[in-house]
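Reader: I have a few questions about the labels used for this model. Could you take me through them?

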Amino acid sequence: MQVTILLLFVVVGILMRSISSERYIVGEGYGWRPAPYPSHYQDWANTVKFKAGDELEFRFEKPDDLLEIGKFDYYACTSNAVFRPYRESPATAFLLAPGEYYFKSSNNTNCINGQKLYVNAEAPNEDNDKFDNKS
């Protein structure tokens, strides 16, 4: 019984977050492929304020793919601790909770050349999402 109630709260929480969530297409028209320059994906991410509940959509063509990884693997462009592999496109990564998220191509050379992405999802601020506080 307690497990059922806990599960219900988790589902309701996810549904409430999804009401104010946004879906972003990573790389916009360029998609998820070898970066044209090393900071391409990070430059794009720096233009967006991500929040918990948002979704990232990665569009790629095989043999490309996507890995959700840890911070160390992100900076080292390695794949020692893969949290989730995404093999099919489009791939949707859910930013379920506030915090840091790291993604890269499974091709380490592509990662070294910039095909990687770091985002920091902030806690949703319902007051700022619903009202314009400008005076």
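This is a predicted model: local features need pLDDT of at least 70, side-chain atom pairs count only at pLDDT 80 or more; totals for chains, interfaces and linings use all residues.

Reader: What makes Tyr41 buried or exposed?

Author: Buried means under 20% relative accessible area, exposed over 50%, and partly exposed in between, with a 1.4 Å probe and protein chains only. Tyr41 has 0%, so Tyr41 counts as buried. Trp32 has 1%, so Trp32 is buried too.

Reader: Why is the pair of Trp32 and Tyr41 called tilted?

Author: Rings of Phe, Tyr and Trp (its six-membered ring) pair if their centres lie within 6.5 Å; planes under 30 degrees apart are stacked, over 60 edge-to-face, and the rest tilted. Here the centres are 4.7 Å apart and the planes stand at 50°, so the pair is tilted. The structure holds ten aromatic pairs, and Trp32 and Tyr41 belong to one aromatic cluster with Phe58 and Phe103.

Reader: How do you know that the charged end of Arg33 sits over the ring of Tyr30?

Author: The rule wants NZ of Lys or CZ of Arg within 6 Å of the ring centre and within 35 degrees of the ring normal. Arg33 has its charged end 3.8 Å from the centre of the Tyr30 ring and qualifies as sitting over it. Lys116 does likewise over Tyr74, at 4.6 Å from the ring centre.

Terms used
Residues are numbered from 1 along each chain as its sequence is written. Side-chain values use heavy atoms; hydrogens and water are left out.
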